[in-house]
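Please read them alongside the sequence and the coordinates.

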Amino acid sequence: DHSLHFELLLISLSVPSVAPRVVARSPSVHDDGESPPIPMVTLDHSLPVTSLQIWLADGRRLVQRFNLSHRISDVQDFVARCQRSCPPFVLTTSLPFRELSDKELSLEEADLAHAVIVQRPLNTQALFGHS
């Protein structure tokens, strides 16, 4: 799929009259139309603000600003709203690995200023009787 896209791009570069049509059409082939728009996070600019780098389970990487007073539950809600369907997941830090299980902690209390947060799907096989 990517090699075909690359060949089309090469062809479009060597045949100028074709370029606008091919180049305009190619992004829609690779865009996933499944991603909803990134939700808004309300910031209070009179309070300290941090940027979190969030790796979604679908492979997307987002950088989102939060107040340090936002709670882990706010980040979890944000992550859930970034996806059309959202199976159960946990949030963790990257390194050192730490599951963010206390949802009521503020980002400041959880020491998450400028952190990298990873969305990890919960293994739901156990729910279906597999041991």
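1. The chain, taken here from a predicted model, has a secondary structure that comes to 3 helices and 5 strands. Read along the sequence, these elements follow the pattern α-α-β-β-α-β-β-β.

2. On burial and surface, 30% of the 131 residues in the chain are buried. The chain exposes about 8800 Å², and carbon and sulfur atoms supply 58% of this area.

3. Turning to contacts, if one takes those in the chain with a separation of 6 or more, residues 24 or more positions apart account for 57% of them.

4. A search of the whole structure for aromatic pairs finds 1. The pair is formed by Phe66 and Phe78, whose ring centres are 5.7 Å apart and whose planes stand at 85°; because planes over 60 degrees apart count as edge-to-face, the pair is assigned to that class. Both values are needed here, since a pair of aromatic rings is described by the distance of the centres and the angle of the planes.

5. Are the two partners buried or exposed? Phe66 has a relative accessibility of 1% and therefore counts as buried, the cut-off being under 20%. Phe78 likewise has a relative accessibility of 1%, so this residue counts as buried too.

How values were computed:
Residues are numbered from 1 along each chain as its sequence is written. This is a predicted model: local features need pLDDT of at least 70, side-chain atom pairs count only at pLDDT 80 or more; totals for chains, interfaces and linings use all residues. Side-chain values use heavy atoms; hydrogens and water are left out. Helices (H or I, at least four residues) and strands (E, at least two) are DSSP runs, numbered from the N terminus. Buried means under 20% relative accessible area, exposed over 50%, partly exposed in between (1.4 Å probe, protein chains only). Contact means heavy atoms within 4.5 Å. Accessible areas come from the Shrake-Rupley method with a 1.4 Å probe; for residues, only the protein chains shown count as cover. Rings of Phe, Tyr and Trp (its six-membered ring) pair if their centres lie within 6.5 Å; planes under 30 degrees apart count as stacked, over 60 as edge-to-face and the rest as tilted.
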